[in-house]
Amino acid sequence: MIDLRSDTVTKPTVAMRRAIADAEVGDDVYHDDPTVIALEEKTAALLGKEDAVYVPSGTLANQIALRTHTEPGDVVLAAQKAHIATFEMGAPAALSGVTVSSLPTVAGTFAADDVRAAVPKLHASMPSSVIQPVRLLAAENTHNGYGGRFWPPEQLKAVAVAAREEGLATHLDGARLWNAAIASGTEPGDLAADFDSVSVCFSKGLGAPVGSAVAGSAELVTRARRFKQMFGGGFRQAGLLAAGAIHGLEHHRQRIVEDHDNAARLAAGLAEIPGIEVDVATVETNMVYFDVTAMAAPEFCDELFDLGAAVLHAGGSSIRAVTHLDVSTDDIDATLTAAREVLG
Ligand SMILES: *Cc1c(COP(=O)(O)O)cnc(C)c1O
């Protein structure tokens, strides 16, 4: 089966399994698992931050960051369809007591002026106690909900700087920051530089089985560790999992470019098939969203599945395919052959 549903479906490689089997472990709740500590140090260094904390999922990483930056009643600014607000089960309200206010967006990005305009200004006739407490700006790079597009690095920097000038804390949801860095020709640390906290996933493009991290200042990460424990994210001999993440960082980060090439190849091939519409210009990283116009999208997915390729119905006529470590160029060509057969 060629599994294009998500880049989270990767299985650990033989070399990664060996690293996992050989991992030294301790008790992460006591913060003495040497492999977890090594992963945290490595991640912090890559992101240009003082410290990082390893956690079981990207959702938990984001929600720990939100809780770390806010108090109940605060408002978080984020683009429409931000993962933190749309795919995390209402966690900002449930776990931190905050609301997420949507910024207007172009494909998941926004401008420094949008941030400035969203922060209420003190008015001479109003006491500060009635001014809406907008506390945090959250940006997502790449944008999951907008097809894996990445931020122009200068624009990302400009919104973080504007937020800081407005007195806001800043968080970068970098579940696919590795993809953004490759696609924009920038180091992950440069993309994260102007943000107080950044979350990254090891279980997507890097192909590790489990885990994410939140990075930031030593003080921020100390506070984040408290909420990791509070939210039930303390995991004991997590060095086994961290070893997979370290292996992914060391061996799978640069090869992400192959995923982007495969996504572009898939999009270009799909664009040639009558009954499929795809805007190839919007395929910038490892995600391809396309529309099937010649038949119902769920039916197309079922028939493609029977021919050996799994894709995700994204609602209406839209379908999502995501490339990753376990998808080869031959798999892309086989998927295109199958798609032609379904529609032919
Ligand atoms: C996948 C993803 C997450 C959450 O990661 P999980 O490990 O699936 O919880 C957070 N943000 C974005 C942008 C994502 O794509």
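## A sheet, a ligand and some rings

Two bridges join strand E12 (residues 312-313) to E13, and these strands run antiparallel. Keep in mind as you look around that this is a predicted model.

Let's stay with that pair of strands for a moment. Leu312 stands opposite Arg320 in E13. E12 and E13 make a hairpin with 4 residues between the strands, and in this hairpin Gly315 takes a positive phi near 100°.

E13 has another neighbour too. Strand E10 (residues 287-292) is joined to E13 by 5 bridges, and the two run antiparallel.

How covered is E13 (residues 318-322)? Mostly: 5 of its 5 residues are buried. Ser318, Arg320 and Val322 point one way from the strand, while Ile319 and Ala321 point the other way, and all are buried.

Next up is the ligand. There are 13 residues around the ligand, and those that come nearest are Gly58, Thr59, Asn144, Asp173 and Lys204.

| Residue | Part of the residue | Ligand atom | Distance |
|---|---|---|---|
| Gly58 | polar backbone atom | oxygen | 2.8 Å |
| His83 | N or O atom in the side chain | nitrogen | 3.5 Å |
| Asn144 | N or O atom in the side chain | oxygen | 2.8 Å |

How much of the ligand does the protein cover? On its own the ligand has 380 Å² of accessible area, and the protein covers 85% of that.

On to the aromatic rings. The count comes to 5 aromatic pairs. One of them is Tyr54 with Phe235, a tilted pair with 5.2 Å centre to centre and 35° between the planes. Which parts of the chain does this pair tie together? Tyr54 lies in strand E2 (residues 51-55) and Phe235 in the loop between helix H10 (218-230) and helix H11 (239-251), so the pair links parts that are 181 residues apart in sequence. Tyr54 and Phe235 are both buried.

Another pair is formed by Phe227 and Phe231, which is tilted as well: 6.2 Å centre to centre and 35° between the planes. Is Phe227 buried or exposed? Its relative accessible area is 0%, so Phe227 is buried. There is also a cluster, in which ring pairs link Tyr54, Phe202 and Phe235.

Last, a look at the cysteines. How many disulfides are there? The count comes to 0. Why does Cys201 count as buried? Its relative accessibility is 5%, and buried means under 20%. Cys301 counts as buried too, because its relative accessibility is 9%.

Definitions and conventions: Residues are numbered from 1 along each chain as its sequence is written. This is a predicted model: local features need pLDDT of at least 70, side-chain atom pairs count only at pLDDT 80 or more; totals for chains, interfaces and linings use all residues. Side-chain values use heavy atoms; hydrogens and water are left out. A disulfide is a pair of cysteine sulfur atoms within 2.5 Å. Buried means under 20% relative accessible area, exposed over 50%, partly exposed in between (1.4 Å probe, protein chains only). Two strands pair if DSSP finds at least two bridges between them. A residue is near a molecule or strand if one of its heavy atoms lies within 4 Å of it. A polar contact is a pair of N or O atoms within 3.5 Å; within protein, one must be able to donate a hydrogen and the other to accept it, and residues adjacent in sequence count only if both atoms are side-chain atoms. Accessible areas come from the Shrake-Rupley method with a 1.4 Å probe; for residues, only the protein chains shown count as cover. Rings of Phe, Tyr and Trp (its six-membered ring) pair if their centres lie within 6.5 Å; planes under 30 degrees apart count as stacked, over 60 as edge-to-face and the rest as tilted.
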